[in-house]
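Biologist: Please show me how to read the contacts between side chains in a model such as this one.

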Amino acid sequence: MTIKTLEDLFIHDLSDVYSAEKQISRALPKMARAASDEKLIEAFNTHLEETQGQIERLDQLVEATPEVRIKRMKCHALEGLVEEAQEIIDSVEKGVVRDAGLIGAAQKVEHYEIATYGTLRALAQKLGYKEAARLLEETLQEEKATDEKLTIIAEKTQ
Ligand SMILES: [Fe+2]
Ligand SMILES: [Fe+2]
C-alpha cells in the first residue's frame, strides 16, 4: 500500500499488528507445550487468552472508527521472532535452559508489541480517534504487564 498521510500510516501499522497478534496466538500454544516451569506455562496460556481478547479489541476499534479498514498483510517482524522461538525449541532440550530461551523470545515479542501499540496510540490521539486510542491503551497496558510478569518468572527460575 502507498502511505502518504498519518491516516495511511495508522491503517498500515494497525494491519501489521493484526497480523502480529494472529501469529502470536498460533505460537503461544507451542511455546506453552515446549516449556517446563508451571508458572511459565500458565503465563503463556494466560497471554494466549489475552491475545485473543486483543484481536477482538482490534475488531472493536475498526467498528468504532469508520475511517479505518484493516488491510491484508503479514507482519514480517513477528514471522522472524516466531522462527527464532522455534529455533530455541529445536536446539535446546526441555528444561530450565530452554525456559530461559523461551522467556527471552517471548519478551522480544512483547517489546515489539509495546513499541507498536505505543506508536498506534499516539497516532490515534493525533488523528482524533478517541475510542481507538482508549482501546489501544488497554492493550498496551496488557503487553507491559506481560513483559513484567515474564521478568519476574525469569528472576525466580534462574
Ligand atoms: Fe498482543
Ligand atoms: Fe503480547
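Modeller: Let us start with Arg-57, which counts as buried at 12% relative accessibility, where buried means under 20% relative accessible area, exposed means over 50% and partly exposed lies in between (1.4 Å probe, protein chains only). This is a predicted model in which local features need pLDDT of at least 70 and side-chain atom pairs count only at pLDDT 80 or more, while totals for chains, interfaces and linings use all residues. Residues are numbered from 1 along each chain as its sequence is written, chains are lettered from A and ligands numbered from 1 in the order in which they are written, and side-chain values use heavy atoms, without hydrogens and water.

Biologist: With which residue does Arg-57 form a salt bridge whose closest N and O atoms are 3.1 Å apart?

Modeller: In general, side chains of opposite charge can pair when their charged atoms come close. The rule asks for a side-chain nitrogen of Lys or Arg within 4 Å of a carboxyl oxygen of Asp or Glu, and here the partner of Arg-57 is Glu-142. Arg-57 lies in helix H2 and Glu-142 in helix H5, so the pair ties together parts 85 residues apart in sequence; helices (H or I, at least four residues) and strands (E, at least two) are DSSP runs numbered from the N terminus. Arg-57 also meets Glu-138 at 3.2 Å, N to O, and Glu-138 is partly exposed, with a relative accessible area of 32%.

Biologist: Which residues make up the network of salt bridges?

Modeller: The network links Arg-57, Glu-131, Arg-134, Glu-138 and Glu-142, and the structure's count comes to seven salt bridges.
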